Amino acid sequence: MDAPQLIAYADRLGGSLRGLTEFLRGPLRDTFGGVHVLPFFRPYDGADAGFDPEDHTEPDPRLGSWADVGELARTHTVMADVIVNHMSAGAGAFRDVIARGDDSPYRGMFLTMGSVFPDGATEDELTTIYRPRPGLPFTMMMLGGRPRLVWTTFTPQQVDLDVRDPGTWDYLSGIVDRLTGAGVTLLRLDAVGYVGKRAGTTCFMTGETHAFIRRLRAYAHERGARVLLEMHGHYRQQLDLAPTVDLVYDFALPPLVLHALHARDAGPLARWLAVRPPNVVTVLDTHDGIGIVDVGASALLPGVPGLLTAEQIDALVEAVHDASGGTSRLATGTAAGNLDLYQVNCTFFDALGGDDRRYLLARLLQLFLPGIPQIYYVGLLAGRNDVELLRRTGVGRDVNRHHYGPGEAEQQLDRPVVRAQLAAIRLRAHHPAFQGSFAYDCGDTTVDLRWRHGTAAAALRIDLRDCGHRLAWESDGVVEVTEDVLTLADHDGR
C-alpha cells in the first residue's frame, strides 16, 4: 500500500524546492513517503498560483532547478502537475498567436469558438457546454489584429489547448519527458475533464477526452510514471472512469466526512463506502476548495441522485460557514470575486470549528480508508482561514493557502493537535495492519473501520452523536488503546 503523501507549495512551506526537501527530511522525517509539489513552474505566482504557466518545462528559478526536483525524488515519491487543458495567456507561443494570428506556427495549439464550431453554434449548443463557473467559456481577444472568441474554461489568463493539434502533443509530451527525467513518478492531469471538446456535446469528459487520457497514460507508463486524474463531477462519473485509469481522487470523501460530523449522520458515507473504487487518492483538503459538486446531483446525469440531497448540501454549507465564524462565507461563491460556485473555500480545521478532537477524527477517517492518503500542508498544521491573505488578493481559495514564513511551520508542529495528527499519519504509514485487509460497519450514527494483517490489527470506532471514539492498534502482541485522540501526541505512531 502506498505511503501517505504531503501536498504543498514549495514557496509556502519551506520557501523553495530545497527548503521543502529539508522540511520533509527533518521535522517530517518518517512521516510521508511522497509529496505532491504544487506547480513550481515559471511563474509559480501567476494569476492562478502556478496553474497558468508561461513555461511549463522549467522550474521557476526562484524556487530551484530540475536538480532540486531530482534530489527530492531521491528520498520521496514526487507527484507533479501536467496542466493539460490550458496555458498562460502570457506564454511565448500564445503571444506569437496574438501578434501573427493564423500566420503563427502555434495557431493550431489554441482553441477558439470557431475551432470547435466552425459553422457557428446554436443557443442550445452553447448553453449545453459544461462549465463550473458562470457564463460562457470564451474571451474576446485580438489575434493577428482580428477579434476572436478564445476558449478560456477557467479565467481569461488561461487559454485552452487544442489536444488534436500535433504541436500540442509535442508540448505536453515534452512536459512529461522533463518531469519523468527529473525523477517524478506520479503525474497529476489537471482539469483533464475539459480537454477533447467537440460540437454537439457538453465538452466535458467526451470520447475525445477518454482517448487523450489513454494516449497520455500510455506515454507516461513508457517513462515509468503513473497518472492521477483530477476531475470534479458526479460520483457516477468517477466510478465509470476509475477502472480505465491508474488513480482518481476520492473527492466525495471530504463533504461526506463533514456531513457525518456536522449532521451526526453516517448514512451517506456508508453508501459511498459500499461503491467507492479501490484506486483512489484520498484527501480532506487541497489547494482548491472543499468540493460540493462531487456529492450532489448533476445536469450531466439527469435523474441520477447525488450522495447528498440538495437540502443536505445546503445544511452542510451553512454548517461550515457557522463553524468558521463566517470567514468561509467571505471566500465562497460570488464573494471576493471568487468564481468557484461549486466549492466552499475554508480550511478543514475551520470547517469543523477549530475543534481539535473532531478534526483528528476526520483525519483518522481518511487515514483508515483504503487508498493513498494525501494531506495538504495547511491541514497538516491545522491551519485557520487566512482572512488577511484573502483580503489582500481577493482570491477566495487563498483563504486556505497560507504562506508559512521562516520558522512558522516548525512552531506549529509543537501544537498538541498537530503532534497527534503526525502520530496518526505515522501509524498509517508504518503499522503492518494497513498492509492487510479492510472491513467496515456503519450504523445510523456509528462508523467502525478495521484493518488486519496476520496478528497485526488496527480499529477505529466513532459515535457521531457525541464524537465518542475508540482507537486501538496491535502488533507483536502489544495492544494500545485510546479513547481520546489528542493523547496520540504522546505516541510515536508506530
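Tutor: Helix axes are lines fitted to C-alpha atoms over the stretch in contact, and the angles between their N-to-C directions run from 0 to 180 degrees. The model is predicted, so local features need pLDDT of at least 70 and side-chain atom pairs count only at pLDDT 80 or more, whereas totals for chains, interfaces and linings use all residues. Residues are numbered from 1 along each chain as its sequence is written, and side-chain values use heavy atoms, with hydrogens and water left out.

Student: At roughly what angle do the axes of helix H9 and H14 cross?

Tutor: Helices (H or I, at least four residues) and strands (E, at least two) are DSSP runs numbered from the N terminus, and the axes of H9 (residues 253-263) and H14 come within 11 Å and cross at roughly 135 degrees. That makes H9 oblique to H14, given that angles under 35 degrees count as roughly parallel, over 145 as roughly antiparallel, 65 to 115 as roughly perpendicular and the rest as oblique. The crossing angle is therefore the ground for calling H9 oblique to H14, and its value is roughly 135 degrees.

Student: What is the handedness of the crossing in which H14 passes H18?

Tutor: The axes of H14 (residues 356-368) and H18 (residues 416-430) come within 10 Å and cross at roughly 15 degrees, which makes H14 roughly parallel to H18. A crossing is left-handed if the near helix is turned anticlockwise from the far one by less than a right angle, and right-handed if clockwise. For H14 passing H18, the crossing is right-handed.

Student: Which residue of helix H14 is tied to Asp285, in a part 78 residues apart in sequence?

Tutor: A salt bridge (a side-chain nitrogen of Lys or Arg within 4 Å of a carboxyl oxygen of Asp or Glu) joins the side chains of Asp285 and Arg363, at 3.5 Å from N to O. Asp285 lies in the loop between strand E13 (280-282) and strand E14 (290-291) and Arg363 in helix H14, so the pair ties together parts that are 78 residues apart in sequence. Both Asp285 and Arg363 are buried, where buried means under 20% relative accessible area, exposed over 50% and partly exposed in between (1.4 Å probe, protein chains only). The helix H14 partner is Arg363.

Student: Is Arg164 buried or exposed?

Tutor: Arg164 forms a salt bridge with Asp162, the closest N and O atoms being 2.8 Å apart. Asp162 counts as buried because its relative accessibility is 9%. The relative accessible area of Arg164, by contrast, is 52%, which means that Arg164 is exposed.

Student: How many salt bridges does a search of the whole structure find?

Tutor: Among the salt bridges is the one between Asp190 and Arg188, with 3.3 Å between the closest N and O atoms, and both of these residues are buried. Salt bridges also link Asp48, Asp288, Arg397, Asp398 and Arg401 in a network. For the whole structure, the number of salt bridges found is 38.

Student: What is omega for the cis peptide bond that joins Arg42 and Pro43?

Tutor: Pro43 lies in the loop between strand E3 (41-42) and strand E4 (55-59). Ala49 is found in the loop between E3 and E4 as well, and this residue has a positive phi of about 50 degrees although it is not a glycine; its relative accessible area of 10% is why Ala49 counts as buried. For the cis bond joining Arg42 and Pro43, omega is about -10 degrees.

Student: Phi of Asp30 is near what value?

Tutor: Asp30 has its place in the loop between helix H1 (17-25) and strand E2 (34-37). With a relative accessible area of 46%, Asp30 is partly exposed. Its phi is positive, in a residue other than glycine, and lies near 65 degrees.
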